[in-house]
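Student: I would like to go through the labels on this model one by one. For each, I want the cut-off and the value.

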Amino acid sequence: MVLKSKFCDLGFAKVDIDRKKRRGFAEAIYSPGKSREHLKKISRELIKNKQDLLLTRLDKNTFSYLKKSIPGLKYNPKARLGFLIQNGRVVGKGVSLVICAGTSDIPVAEEAAAVLEVMGNKVVRLFDVGVAGVHRIMQKIEVLKKAKVIVVVAGMEGALASLVSGLVSCPVIAVPTSCGYGANFGGLSALLTMLNSCSPGVAVVNIDNGFGAGYFASLVNRP
């Protein structure tokens with residue numbers, strides 16, 4: 001069986017213009033490592049083919065450069081996310097909850113939350129409720145129970161995902177962050193804790209991968 005997908009060959013990039021049809025949202029552009037000219041050409045190709053635009057890890061200066069040729073482009077500085085929605089979005093069926101353990105984890109949590117919002121989901125944020133002060137999350141039990149999917153972002157030892165999963169019935173997507181001291185090994189300790197969670201229903205994405213968590217949560221939350 002041959003998979004017949006549409007893509008545009010720009011030489012330096014093969015832009016997938018069939019992604020929205022297959023997955024429900026257009027191909028996202030990971031910005032680091034690409035030149036400004038390449039980012040502009042890829043973005044304009046997606047727009048020309050009536051695709052939504054999502055640029056991750058986009059710095060403010062590059063956004064200003066792209067904005068000159070893409071007037072409708074918007075920017076979320078906390079999430080470092082550039083986006084332009086051309087088509088109607090499929091609204092998620094319920095509330096997506098994004099939780100982070102500490103204030104230092106907010107940039108990754110914001111990336112997940114912003115991706116969810118761009119993809120048409122209602123998002124509730126619950127920040128700085130890590131296990132060092134477990135009473136903070138315990139006071140929000142009713143908020144947790146109303147969620148259809150939960151993204152939990154945590155560094156250090158990453159225990160928050162297991163705690164949250166043990167309190168709810170919905171899927172939990174865990175995001176380890178690189179926040180922590182030496183033996184955190186740049187997020188590896190949190191990653192291993194989350195992978196070894198004894199609470200069923202926890203899926204784990206890569207270290208600092210707020211985009212991946214937000215995207216997967218949006219798939220879970222589809223109507």
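The dialogue below takes up salt bridges, cysteines, a helix and a surface patch.

Tutor: This is a predicted model, where local features need pLDDT of at least 70, side-chain atom pairs count only at pLDDT 80 or more, and totals for chains, interfaces and linings use all residues. Residues are numbered from 1 along each chain as its sequence is written, and side-chain values use heavy atoms, with hydrogens and water left out.

Student: Why is the pair Lys 40 and Glu 37 called a salt bridge?

Tutor: A salt bridge is a side-chain nitrogen of Lys or Arg within 4 Å of a carboxyl oxygen of Asp or Glu. For Lys 40 and Glu 37 the N to O distance is 3.7 Å, so the pair meets the rule. Side chains of opposite charge can pair when their charged atoms come close.

Student: How are Lys 40 and Glu 37 placed in helix 2?

Tutor: They are three residues apart in helix 2 (residues 36–48), so about one helical turn separates them. Helices are DSSP runs of H or I with at least four residues; strands are E runs of at least two; both are numbered from the N terminus.

Student: What makes Lys 40 count as buried?

Tutor: Buried means under 20% relative accessible area, exposed means over 50%, and partly exposed lies in between (1.4 Å probe, protein chains only). Lys 40 has 17%, so it counts as buried. Glu 37 has 33%, so it counts as partly exposed.

Student: Which parts does the salt bridge of Glu 110 and Arg 125 tie together?

Tutor: The closest N and O atoms of Glu 110 and Arg 125 are 3.1 Å apart. Glu 110 lies in helix 4 (residues 106–118) and Arg 125 in strand 8 (residues 122–126), so the pair ties together parts that are 15 residues apart in sequence. Glu 110 is buried at 7%. Arg 125 is partly exposed at 30%.

Student: How many salt bridges does the rule give?

Tutor: The count is nine. Among them is Arg 136 with Asp 128, at 3.4 Å from N to O. Asp 16, Arg 19, Arg 22 and Glu 27 are linked in a network of salt bridges.

Student: Is Cys 198 buried or exposed?

Tutor: Its relative accessibility is 76%, so Cys 198 counts as exposed. Cys 170, at 12%, counts as buried.

Student: What puts the buried residues of helix 8 on the same side?

Tutor: Ala 190, Leu 191 and Met 194 are buried in helix 8. They cover an arc of only 100° around the axis, so they sit on the same side of helix 8. The arc is that of the directions from the helix axis to the C-beta atoms.

Student: What covers the buried residues of helix 8?

Tutor: The cover includes strand 9 (147–154), helix 7 (160–165), strand 10 (172–176) and strand 11.

Student: Why is Ser 197 called buried?

Tutor: Its relative accessible area is 19%, so Ser 197 falls under the 20% limit. Ser 197 is found in the loop between helix 8 and strand 11 (202–204).

Notes:
Contact means heavy atoms within 4.5 Å.
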